[in-house]
Amino acid sequence: MAFVIALAGKGGTGKTTVAGLTVRYLIEKRKRPVLAVDADPNSCLNEALGVDVDATIGTLREESLELIRSGTERPGGMSMEQIFDYQVQQALVESNGFDLIVMGRPEGPGCYCAANNIIRKYTDSLSASYHYVVIDNEAGMEHLSRKTTHTVNLLLIISDPSVKGIQTAKRIDALVDELQLEIGRRVVIINRFTEGAQELEALAKNTGLMVAGIIPQDPAIAQADLQGKPACGLPNDSIAVKALFGILDALNIP
Ligand SMILES: Nc1ncnc2c1ncn2[C@@H]1O[C@H](COP(=O)(O)OP(=O)(O)OP(=O)(O)O)[C@@H](O)[C@H]1O
Ligand SMILES: [Mg+2]
């Protein structure tokens, strides 16, 4: 089974950026292939990874449901399950060293949870074919539930260098205990760190959080962003890449 790394944290803290760079780290320093899962309905992990996406689990599910509703004859008498399995394979974006699957935003009431369940089921079965799975989640905590959270080996809680960011990190940390989620290890990474914010690391540690490290604010990321280039393509000597790779090295990911 794959080693599963998931990201959580307040909005805009850098989850997607760190997820993209983590995929790159695993490809460069650990084993391939890696499955990247974009579990944020406002998906953009593909941009961080520099790949295009045609289909999402959300849209495919809609199409499958439409097929049932319209009573259209199914090809070769396939069951809905088989059709969907096939479509999920089609939705996998294959790239160099990694594949990507995107949850997207399903239409209709109550579908959010259904899509989450689907992505859980498929990442569980897909993960047999990968060494690593990296799941980029949406901001907040709604996605953390016993029903929809996979077994996660390492949860990276990303915080910005603010007291609020650390408080959100703490709430996520507490929720993991409360819901008794199957999460092996969880650590906090303080991202977009600027000078003079060292107190925050102390604050985080004082609240009982395990701080794995800090990533400085990196002008190269802003530059890449402006030029529409993927965060994943940052040079190895960029300060954010160096900091994150150092953090991941120290975490001794098997
Ligand atoms: N270390 C960094 N230095 C400079 N800019 C950064 C850094 N990390 C992230 N950013 C920038 O911060 C913004 C938010 O990053 P990102 O989209 O990764 O956050 P997110 O937590 O995934 O957001 P959301 O909650 O909306 O999904 C982006 O413009 C990104 O380029
Ligand atoms: Mg994001």
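Me: What lies 2.7 Å from a nitrogen atom of ligand 1?
Reply: A backbone N or O atom of D218 does. That is a polar contact, meaning a pair of N or O atoms within 3.5 Å.
Me: How much of ligand 1 does the protein bury?
Reply: The protein buries 79% of the 640 Å² that ligand 1 exposes when taken alone. Those areas come from the Shrake-Rupley method with a 1.4 Å probe.
Me: Before I go on, what kind of model is this, and how are things numbered?
Reply: It's a predicted model, where local features need pLDDT of at least 70, side-chain atom pairs count only at pLDDT 80 or more, and totals for chains, interfaces and linings use all residues. Residues are numbered from 1 along each chain as its sequence is written, chains are lettered from A and ligands numbered from 1 in the order in which they are written, and side-chain values use heavy atoms, with hydrogens and water left out.
Me: And what is the mean pLDDT?
Reply: The protein chain has a mean of 86, with 88% of its residues at 70 or more; pLDDT is the predictor's confidence in each residue, from 0 to 100. Helix α9 (residues 239-250) has the highest confidence at 97, and helix α5 (residues 111-126) the lowest, at a mean of 65. Helices (H or I, at least four residues) and strands (E, at least two) are DSSP runs, numbered from the N terminus.
Me: Back to the ligand: how many residues surround ligand 1?
Reply: There are 17, and K15, T16, T17, R192 and D218 are the closest. To count, a residue needs a heavy atom within 4 Å.
Me: Which element gives the most to that shell?
Reply: Helix α1 does, with three residues.
Me: R192 came up among the closest. Where does R192 lie?
Reply: R192 lies in strand β7. Its phi is near 60 degrees, a positive value in a residue other than glycine. Most residues other than glycine have a negative phi.
Me: New topic: which residues does a cis peptide bond join?
Reply: R32 and P33, with omega at about -10 degrees. P33 is found in the loop between α1 and β2.

How values were computed:
Polar contact = N/O pair within 3.5 Å; in protein donor to acceptor, adjacent residues only side chain to side chain.
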